[in-house]
Amino acid sequence: MERYGSDTDMDEQEKPLLHRGHEVQKAPVCCSSRYGLALLSSYGFFVVYSLRVNLSVAMVDMLNSTHQSSADHNMSVCPGDLNPAQPKRNHSASVYNWSSETQGWILGSFFYGYILTQIPGGYLAGRFGPKWLMGFGILGTVVFTLLTPLAADLGAGYLIAVRALEGVGEGVTFPAMYTMWAAWAPPLERSRLLTISYIGAQLGTVVSLPLSGEICFYLDWTYVFYVFGVVGLVWFVLWAFLVFDSPNTHPRISEQERLYITNSLKNELSTSVSNIPWQAIVTSKPLWAIVVAHFSYNWTFYTLLTLLPTYMSDVLGFNIKENGILSALPYLGCAVFAVLSGQIADYLRETCHYPTVNVRKSFSAIGMVGPAVFLVAAGYTGCNYILAVTFLTISSSLGGVSASGFNINHLDIAPSYAGILLGITNTFATIPGMVGPVIARSLTTTNTIEEWQTVFYIAAAINLLGASFYTVFGRGTVQLWAVHTSNSYGH
């Protein structure tokens with residue numbers, strides 16, 4: 001038997017949680033430890049994504065402009081807007097004569113390290129506790145970020161190695177945080193807490209894209225890594241002193257909140273890492289439903305994350321300063337929709353008593369089908385700048401709804417092994433970051449609108465496939481193989 005209960009008895013499983021408020025008073029949100037954890041982890045993911053995307057902006061200034069085509073900014077499909085003269089840029093830092101192939105290796109090297117530590121990250125978080133794993137993972141990334149200018153001076157090979165090591169450090173962050181939430185998030189508050197936590201990733205993209213451009217413009221590219229590196233160091237100090245693995249190990253949590261969290265989770269028993277049911281995990285259809293959905297969603301996400309600035313420049317004709325701001329808009333919309341969806345999802349589950357599986361599937365469908373429709377539509381806007389940016393923004397914004405869909409379903413089907421499951425799904429979901437942009441660039445060699453339409457169609461089709469697969473095989477109840485009776489940390 002694969003599942004713990006059937007879809008039809010899900011309501012009965014969730015009712016004890018709904019009624020438990022009569023036994024244990026729900027702890028207030030204001031000044032609570034669990035929401036403090038959500039905000040601090042959001043700051044952490046802000047750092048994670050800032051360090052991930054800042055190189056793509058800094059790379060523009062790291063290259064010797066005399067070796068770049070003088071027509072690069074004049075050959076867009078659409079005529080660029082006329083802009084007033086810009087202040088003289090600061091080019092005091094070193095520049096390099098890297099070929100396009102070398103640039104591709106540098107930009108992609110992060111994901112080759114990132115994919116290595118997804119599954120080990122989930123295991124180690126369960127074995128030793130998630131706090132220090134996530135803390136040192138991000139700290140390591142921060143240190144290598146601060147070393148980036150030195151590595152670039154030493155040579156492209158050193159920079160590739162540093163970026164790959166940054167990926168190794170960041171690879172443990174999401175599995176560690178899922179393991180943390182397995183001990184901290186009451187079931188009926190999961191959507192809210194996790195969307196607050198992971199909105200930091202979107203905000204990191206929103207802030208770092210335009211800010212990195214401004215730093216390069218008025219200072220030089222080395223300060224991109226120094227500024228965001230310092231921001232990361234501040235986060236680590238706060239994380240080290242304010243965060244704990246579980247409510248039972250937190251010295252300052254109120255007794256009311258501690259009881260509220262632990263009692264709400266008492267039927268979702270904690271992990272025993274000495275006997276992980278690997279066979280049951282890898283043969284679980286609900287898990288593979290998440291894998292397919294996560295892979296499909298990330299194909300569109302990473303393709304746009306990597307190539308949206310290129311599309312804005314080479315097709316729509318926006319200059320570098322406009323590009324940074326407009327490229328950030330879709331991720332701002334995604335962040336807003338992610339938070340709103342979390343509030344609505346938990347309202348539907350807690351107040352309206354909607355089954356979890358229905359909420360997860362509905363939000364996944366909206367967060368994957370909606371972006372597919374508007375992404376394809378964006379390819380047919382021609383040189384209508386406003387409509388193109390609007391459709392791309394709507395596409396990414398609707399993608400934020402999936403944050404309350406398949407994205408947190410790991411905690412529904414196996415809270416005991418949420419970190420390991422996230423490691424598995426994120427391993428597969430990293431592959432689009434490695435191959436998606438490569439395929440997209442191979443299809444857009446001349447940067448025509450028709451070529452980009454093909455890229456958008458492929459991403460949309462993959463999204464629809466993932467949404468369909470998840471709708472059929474996704475589940476919302478704790479799986480039988482996920483039930484254990486011990487915990488290796490904090491309980």
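Phe-225 is buried, at 1% relative accessibility (buried means under 20% relative accessible area, with a 1.4 Å probe and protein chains only). The model is predicted, so local features need pLDDT of at least 70, side-chain atom pairs count only at pLDDT 80 or more, and totals for chains, interfaces and linings use all residues. Residues are numbered from 1 along each chain as its sequence is written, and side-chain values use heavy atoms, without hydrogens and water.

**Aromatic pairs**
- The structure holds 32 aromatic pairs (Phe, Tyr and Trp rings, the six-membered one for Trp, with centres within 6.5 Å).
- Tyr-96 and Trp-221 pair edge-to-face, with centres 6.1 Å apart and planes at 65 degrees (edge-to-face means over 60 degrees).
- Tyr-96 sits in the loop between helices H2 (33-62) and H3 (100-114), and Trp-221 in the loop between H9 (190-218) and H10 (222-242), so the pair ties together parts 125 residues apart in sequence.
- Helices are DSSP runs of H or I with at least four residues, numbered from the N terminus.
- Trp-221 also pairs edge-to-face with Phe-225, at 6.0 Å between centres and 85 degrees between planes.
- Trp-221 is buried, with a relative accessible area of 2%.
- Ring pairs also link a cluster, including Tyr-49, Phe-110, Tyr-114 and Tyr-470.

**Charges over rings**
- The charged end of Arg-52 sits over the Tyr-114 ring, 4.5 Å from its centre (CZ of Arg within 6 Å of the ring centre and within 35 degrees of the ring normal).
- The charged end of Arg-127 sits over the Phe-128 ring, 5.2 Å from its centre.

**Asn-298**
- Asn-298 lies in helix H13 (residues 285-314) and is buried at 6% relative accessible area.
- Beyond neighbours within four places in sequence, Asn-298 contacts Thr-303, Asn-426, Ala-429 and Pro-432 (heavy atoms within 4.5 Å).

Methods. Helix = DSSP H or I, 4+ residues; strand = E, 2+ residues; numbered from the N terminus. Buried < 20%, exposed > 50% of the residue type's maximum accessible area, 1.4 Å probe, protein only. Phe/Tyr/Trp six-rings, centres within 6.5 Å; stacked < 30°, edge-to-face > 60°.
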